[in-house]
Amino acid sequence: MSENTIKFGIIGTGVVGTSLAILLEKAGLECIGVHTRGKRSYDHFRRYLPKEQLGLKQLVMESDLIFITTQDCNIEDAAARLSQEKDIKPGQIWIHCSGSLPSGVMCQDPVLPVGYLSLHPLQAFANIDVAVSVMKGTYFGIEGSSPEVERQGEELVMLLGGIPLKINPAKKSLYHAGAVVVSNYLVSLVLLAVKLFEQAGIERKDALAALLPLLAGSCRNIGKLGLPGALTGPIARGDAEVVARHLQSMPEEIRTVYRELGKLALELGLEKKLWDRASYRPEDLNDLEELLNDLGKETKQ
């Protein structure tokens, strides 16, 4: 792939589409224009790149790559409208950036001379400026309609400064669920911790401020020590009495979440003990398992 000759178009000018266009232009590719139904989003896009608003006909005739960076629910519709156009440039690749949909959803007509590719950045983009600044070093989930299309996708990712990660389209929902857990659910987990602090009489803003350095430290430990090495706390130590007091003091509606996360912590704890050529005392392990499986153990402590 010679980046100096590659022309691309964008359908959908949100944060991902705009940031990709900015970075690919910097890498030497040429954005020939964009297609969007919203005047406001187009005006916002032009603040970063002064490209023309084009019809689908011109995009399919002139582009080597077409990025469909609409909301997930609109990707198939956009691909269907592209499929109705004549004079599609042979060898063209249509690319979406959804983490949950396979690239195959864009194949509306198997005889079209088009490749299909999914490039999903594993990153949380708050806005365009943030997206442009953090794209380097970001992993991209990749899957496509052929090995050659996937190879070109890997080249694109590396042009963006990213790291390709091949994924199985048949199991893409599991991949995306994992990404949602570590991104969206981590935020929810912080809310759970803040609620417990509030129960302890600490105001919400003070709770969040106090928890953020702890959160950052845990992330650093995961990066430095990996799994299970980063696990600390009462379950890692086998301290069932502390876990029992937690369960006794917290609201009933939080206990279920605490127990389920505790089971995962115990799984890590067992792995860590094995790693350290150590083991829990049998009575401590038994107490932890009874507490986390809701067998009424906390009332006996």
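Which residues of helix 10 (residues 240-249) are buried? The legends below begin with the answer.

**View 1. Helix 10 and its cover in the predicted model.** The buried residues of helix 10 are A240, V242, V243, A244 and L247; buried means under 20% relative accessible area, exposed over 50%, and partly exposed in between, with a 1.4 Å probe and protein chains only. Their cover includes helix 9 (234-237), helix 11 (252-275) and helix 12 (282-292), where contact means heavy atoms within 4.5 Å. Helices (H or I, at least four residues) and strands (E, at least two) are DSSP runs, numbered from the N terminus. The model is predicted, so local features need pLDDT of at least 70 and side-chain atom pairs count only at pLDDT 80 or more, while totals for chains, interfaces and linings use all residues. Residues are numbered from 1 along each chain as its sequence is written, and side-chain values use heavy atoms, with hydrogens and water left out.

**View 2. The whole chain.** The protein contains twelve helices and seven strands. Its radius of gyration is 25 Å, well over the 19 Å that the globule rule gives for 301 residues, so the protein is more spread out than a compact globule; the radius is taken over C-alpha atoms, and the rule is 2.2 Å times the number of residues to the power 0.38. Along the principal axes, the C-alpha atoms fill a box of roughly 75 × 40 × 30 Å. Of the 301 residues, 41% count as buried. G226 belongs to helix 8 (residues 204-229) and is partly exposed, at 23% relative accessibility.

**View 3. The salt bridge between D64 and K89.** The closest N and O atoms of D64 and K89 are 3.0 Å apart; a salt bridge is a side-chain nitrogen of Lys or Arg within 4 Å of a carboxyl oxygen of Asp or Glu. This pair links distant parts of the chain, 25 residues apart: D64 is in the loop between helix 3 (56-62) and strand 3 (65-68), and K89 in the loop between helix 4 (72-83) and strand 4 (92-96). D64 is partly exposed, with a relative accessible area of 22%, and K89 is partly exposed at 27%.

View 4. E150 and K166 form a salt bridge of 3.3 Å, N to O. E150 lies in helix 6 (residues 147-159) and K166 in strand 7, 16 residues apart. E150 is buried, with a relative accessible area of 13%, whereas K166 is partly exposed at 49%. Strand 7 (residues 163-166) also holds L165, which is partly exposed at 33%. L122, Y139, I163 and L165 make a nonpolar surface patch of about 300 Å².

View 5. The side chains of E252 and R255 meet at 2.8 Å, N to O. Being three residues apart in helix 11, E252 and R255 are separated by about one helical turn. An α-helix has 3.6 residues a turn, so residues three or four places apart point the same way. R255 is buried, with a relative accessible area of 17%.

**View 6. A network of salt bridges.** R37, D77 and R81 are linked in this network. The protein has 16 salt bridges by the rule stated above.

Terms used. Patches are made of residues with over 30% relative accessible area and no salt bridge: like charges are joined within 9 Å, nonpolar side chains (Val, Leu, Ile, Met, Phe, Trp, Tyr) within 5 Å. Accessible areas come from the Shrake-Rupley method with a 1.4 Å probe; for residues, only the protein chains shown count as cover.
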